[in-house]
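Reader: Hey, can you walk me through this one? I'd like to go piece by piece.

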Amino acid sequence: MTDTAKTDFTHRISAHCESGSTSSLLFHYGVKASEALVFGIGSGVFFGYFPFIKMSGSPLITYRTFPGRLMKNAAGRLGVGVKCVKFKNPEKGMEALDDMLRRGIPVCLQTAVYWLPYFPPAFRIHFDAHFIIAYGMSGNGYIISDPVMDGPVTCTREDLIRARFSKGTFSPKGKMFRFMGAPGHIDIAAAVVKGIKEACFVMLKLPVPIMGARGIRFFANSLKNWPEKHGNRKTLLYLGNVIRLQEEFGTGGGGFRFMYAAFLQEAAAILKDDRLLDLSKRMTVIGDRWREFAASSARICKDRASEKDNFNLLSEILLDCAEKEHGLFRDLSETVR
Amino acid sequence: MKLFEQPGLEFEKELLEMIVGICRISDPVQDDFSPDDPLIGPDSVLGLDSLDAVEIAVAVEKKYNVRISLEESSRVIFRTVKTLAGYVRKQMGPAPLSA
């Protein structure tokens with residue numbers, strides 16, 4: 001590959017890869033939606049505990065909706081069509097990417113962090129649902145806007161193939177997302193309402209005990225038994241991964257709860273409804289509670305737990321989060337009836 | 001901690017002492033440890049990782065009422081003692097820094 005092509009895309013730093021990539025691409029097409037607004041409109045907030053699925057050797061816990069859904073929800077609700085293409089054949093996947101870039105169209109790619117060479121080795125975790133934007137080619141490399149990096153980076157063709165076609169829990173399968181352009185008029189209030197309604201549904205009404213507010217409760221009750229069930233070494237490994245997923249991997253902290261609080265603040269202005277401001281404050285308090293859980297867990301993992309830090313306390317904090325989130329989403333659903 | 005004794009670095013020193021306390025760093029901080037040295041991650045001579053960062057974030061919020069969240073990239077904020085101090089200082093505004 002010796003092509004040189006570059007679109008006029010502007011790199012933007014964000015807290016989370018999918019909401020950040022979506023926000024950046026929306027900006028590119030003239031839709032000025034912040035990362036928090038995209039997260040809320042895309043119904044990004046969620047909780048799921050999947051003990052039967054392992055990621056990096058630990059039970060899967062997620063604080064956000066499934067990969068790709070946020071982007072499709074948010075862009076779609078703002079009237080911006082998103083075309084997602086999967087590829088079995090890496091060469092075809094790369095040809096399709098090259099074609100887009102030659103035509104001056106930036107695209108979002110699902111990738112595996114482990115194979116992205118610009119990440120410092122210590123951050124190269126096995127996470128296969130990392131979203132980046134490719135917006136140019138130069139020599140044997142691609143010009144990439146990775147929302148969690150300070151500035152644009154480059155990635156060779158070989159590395160990008162590995163990252164796009166890695167095998168794992170959320171195998172990217174070469175997924176490439178193209179935004180189809182913005183409509184002349186956007187009903188942002190309607191998009192916000194739709195986003196809130198779906199978030200309330202998934203947090204309150206899903207008929208399975210491992211998702212939503214019920215999922216938090218389920219996790220709280222399971223966690224108490226981890227030391228007995230898994231032994232000390234595995235328990236600490238699992239707990240460390242829970243905290244990292246909650247606080248480190250671009251969640252904006254508090255397992256995306258701070259980001260959702262920021263969304264509710266913006267939603268209050270868009271819908272002219274002060275009740276959402278109060279709910280935003282309540283969500284921030286919930287985010288702080290999640291962070292207390294993380295801090296206490298960190299002390300346990302680091303063998304510097306105080307007398308108060310133990311698995312019963314962790315479980316109590318989570319039960320409190322579950323109750324508070326249940327109440328919050330119940331009250332939030334009242335605002336969009 | 002000698003490099004933190006210089007004028008103008010009082011807040012950086014205060015933060016470092018807090019970090020040493022909550023992360024129970026038992027070895028004395030070397031004199032050549034600088035406010036610009038890596039704080040968290042594999043290059044941290046203090047040996048701090050992302051789990052320590054969570055505790056530091058909670059401690060900063062409790063002590064200075066400054067929440068580290070959302071669009072600020074925590075990796076940037078926690079890069080060095082100086083970047084952390086700069087962030088906390090900015091969020092606190094022009095009020096006095098130390099109690």
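Reader: Before that, what kind of model is it?

Author: This is a predicted model.

Reader: Okay. How is chain A divided?

Author: Chain A is split into domain 1 (4–179) and domain 2 (188–335). The C-alpha centres of domain 1 of chain A and domain 2 of chain A are 24 Å apart. Their contact takes 30 residues from domain 1 of chain A and 33 residues from domain 2 of chain A.

Reader: Which elements supply the domain 1 side of chain A that touches domain 2?

Author: Helix 2, strand 2, strand 3 and helix 3 (69–77) of chain A each supply at least two residues there. Strand 2 of chain A has the largest share of that side, with seven residues. By class, the side of domain 1 of chain A that touches domain 2 of chain A has 18 nonpolar, 10 polar and two charged residues.

Reader: Let's look at strand 2 of chain A then. How many bridges join strand 2 to strand 3?

Author: Six bridges join strand 2 (residues 45–55) of chain A to strand 3 (residues 58–64) of chain A, and the two run antiparallel. They form a hairpin with two residues between them, and A:Ser56 in the turn has a positive phi of about 50 degrees.

Reader: I noticed a glycine in there. Is A:Gly48 buried or exposed?

Author: A:Gly48, which is found in strand 2 of chain A, is buried, because 22 other C-beta atoms lie within 10 Å and the cut-off for buried is 20 or more. The bridge partner of A:Gly48 in strand 3 of chain A is A:Thr62.

Reader: What else is A:Gly48 in contact with?

Author: Leaving aside neighbours within four places in sequence, A:Gly48 is in contact with A:Thr62, A:Ile210, A:Met211 and A:Gly215. A:Gly48 and A:Met203 are also 9.5 Å apart in space, C-alpha to C-alpha, while being 155 residues apart in sequence.

Reader: Switching topic: which residues touch the most other members of the largest nonpolar core?

Author: Those are A:Ala134 and A:Leu318, in a core of 122 residues. Helix 10 of chain A gives the most to this core, with 11 residues. This core draws at least three residues from each of domain 1 (4–179) and domain 2 (188–335) of chain A.

Reader: What does A:Ala134 touch?

Author: Not counting residues up to four places away in sequence, A:Ala134 touches A:Leu97, A:Leu101, A:Pro106, A:Val107, A:Leu109, A:Tyr142 and A:Ile144. Two of those, A:Val107 and A:Leu109, point one way from strand 5 of chain A together with A:Thr111.

Reader: Why do they point in two directions?

Author: Because side chains in a regular strand alternate between the two faces of the sheet.

Reader: Which strands pair with strand 5 of chain A?

Author: One is strand 6 (residues 130–138) of chain A, joined to strand 5 (residues 107–111) by five bridges and running antiparallel. There, the bridge partner of A:Cys108 is A:Ile133. Another is strand 9 (residues 176–179) of chain A, which pairs with strand 5 in the antiparallel sense over two bridges. In strand 9 of chain A, A:Met176 is the bridge partner of A:Leu109.

Reader: And A:Leu318, where does that sit?

Author: A:Leu318 is one of the buried residues of helix 11 of chain A. What covers the buried residues of helix 11 includes helix 6 (188–204), helix 7 (212–223) and helix 10 (275–301) of chain A.

Reader: How far apart are the ends of helix 11 of chain A?

Author: The end C-alpha atoms are 36 Å apart, which agrees with the 36 Å that its 25 residues (311–335) should span at 1.5 Å a residue.

Reader: Now chain B. What's its secondary structure?

Author: Chain B has four helices and zero strands. Of its 99 residues, 30% count as buried. In helix 2 of chain B, the buried residues include B:Leu51, B:Val54 and B:Ile56. Just after that helix, B:Asn65 takes a positive phi of about 60 degrees.

Reader: Last one: how many residues does the contact take from chain A and chain B?

Author: The contact takes 27 residues from chain A and 14 residues from chain B. Helix 10 of chain A gives the largest share of the chain A side, seven residues. By class, the side of chain A that touches chain B has 13 nonpolar, five polar and nine charged residues.

Key: Residues numbered from 1 in each chain as written. Chains lettered and ligands numbered in written order. Predicted model: local features only at pLDDT ≥ 70, side-chain atom pairs only at ≥ 80, totals over all residues. Buried ≥ 20, exposed ≤ 12 C-beta atoms within 10 Å, placed from the backbone. Expected span 1.5 Å × (residues − 1). Contact = placed C-beta atoms within 7 Å. Pairing = 2+ DSSP bridges. Nonpolar A, V, L, I, M, F, W, Y, C, P; charged D, E, K, R; others polar. Domains from an automatic or database assignment. Core = buried A, V, L, I, M, F, W, Y, C linked by C-beta atoms within 7 Å.
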